[in-house]
Amino acid sequence: APRARAAMSTTACALGSATRPRARPRRHLERSASIPRVRAAPGPAASGRGRVARGGNNPSSSSSSRGASIAPRAIWVPPEELAWIPDPETVFNVENVAIFPLWLGMIFAPKSGVTRAVMDSALVPCVCGFVYVYLTWYSFHDPRILDAFSTGKPDLAALAKGFSYEWCVAVGWAHFIAMDLFAGRWIYLDARKNDVFAAHSLLLCLFFGPTGAISHVTTRAITGLVRGEKLVDVMAAGGEEKASASE
């Protein structure tokens with residue numbers, strides 16, 4: 001009798017376990033719960049033309065570890081009628097290529113007729129100034145750059161935030177190009193009028209800006225001492241006429 005009851009109990013347990021659903025392993029459940037569910041980040045907001053602004057720090061969308069997506073911040077896109085205007089990156093590349101022959105002419109061919117004609121004209125500094133104005137106008141349409149400079153405080157933190165965007169860096173680079181070329185043009189004209197060697201000063205001005213002006217003033221002073229005469233600055237009142245008379 002005990003053996004019969006044990007056999008019947010074993011049969012009932014087997015039938016019960018067959019009818020119940022099989023439980024998932026605890027380890028598998030823990031692994032599934034630890035995997036976060038991440039939603040796809042939204043793409044850039046579509047404009048009227050369906051294109052994204054070029055240049056600058058294009059906003060990218062990302063997801064946090066909990067799956068919350070961050071919407072991209074919109075940047076300015078020119079309207080349809082101004083689609084032909086170049087963006088800051090294009091202007092930056094073209095300006096770097098176009099400005100280099102001017103420095104090569106002043107350094108290696110200062111007496112060339114082409115170099116004289118180009119550098120005697122005020123057109124080149126004015127063109128550089130217009131490029132700077134254009135890049136400033138373009139980049140300040142980006143709300144992020146306006147927000148960076150909205151404090152109005154000339155501190156390093158505000159400048160670092162503003163110049164963290166590529167378009168703003170292009171504006172600063174255009175400023176460097178325009179002012180360095182203005183200083184280099186002065187060195188070239190003054191050295192030509194006073195017959196002073198200036199290749200080394202122009203190289204310093206090209207790469208290190210103000211150091212070129214210091215180098216030229218020092219070179220001109222030494223040259224004047226050696227010649228025993230006072231060399232007049234070409235930018236001084238009447239300096240060009242006095243220097244021309246001494247040629």
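This report describes the helices, the salt bridges and some surface features of a predicted protein model.

Residues are numbered from 1 along each chain as its sequence is written, and side-chain values use heavy atoms, with hydrogens and water left out. Because the model is predicted, local features need pLDDT of at least 70 and side-chain atom pairs count only at pLDDT 80 or more, while totals for chains, interfaces and linings use all residues.

**Overall make-up**

The protein has 11 helices and 0 strands. Helices (H or I, at least four residues) and strands (E, at least two) are DSSP runs, numbered from the N terminus. Of the 247 residues, 29% are buried. Buried means under 20% relative accessible area, exposed means over 50%, and partly exposed lies in between (1.4 Å probe, protein chains only).

**Helices α5 and α8**

Two packed helices are described by the angle between their axes and the distance between the axes. Here the axes of helix α5 (residues 123-139) and α8 come within 9 Å and cross at roughly 165°. Axes are lines fitted to C-alpha atoms, for helices over the stretch in contact, and angles run from 0 to 180 degrees between N-to-C directions. The helices α5 and α8 are therefore roughly antiparallel to each other. Angles under 35 degrees count as roughly parallel, over 145 as roughly antiparallel, 65 to 115 as roughly perpendicular and the rest as oblique.

Helix α8 covers residues 166-194 and includes Val-169. Val-169 is partly exposed, because its relative accessibility is 41%. Together with Leu-156, Leu-159 and Phe-163, Val-169 forms a nonpolar surface patch with about 380 Å² of accessible area. Patches are made of residues with over 30% relative accessible area and no salt bridge; like charges are joined within 9 Å, and nonpolar side chains (Val, Leu, Ile, Met, Phe, Trp, Tyr) within 5 Å. Accessible areas come from the Shrake-Rupley method with a 1.4 Å probe, and for residues only the protein chains shown count as cover.

In the loop between α8 and α9 (199-208) lies Asp-195. Asp-195 has a positive phi of about 55° although it is not a glycine. Most residues other than glycine have a negative phi. Asp-195 is exposed, because its relative accessible area is 56%.

**Salt bridges**

A salt bridge is a side-chain nitrogen of Lys or Arg within 4 Å of a carboxyl oxygen of Asp or Glu. The count by this rule is 7 salt bridges.

| Asp-142 | Arg-144 | 2.7 Å |

Asp-147 is partly exposed at 37% relative accessibility, and Lys-161 is partly exposed at 39%.

For the pair Asp-142 and Arg-144, Asp-142 is buried at 0% relative accessibility, and Arg-144 is buried with a relative accessible area of 5%. Glu-229 is partly exposed at 40% relative accessibility, and Arg-227 is partly exposed at 37%. A network of salt bridges links Asp-190, Arg-220 and Asp-233.
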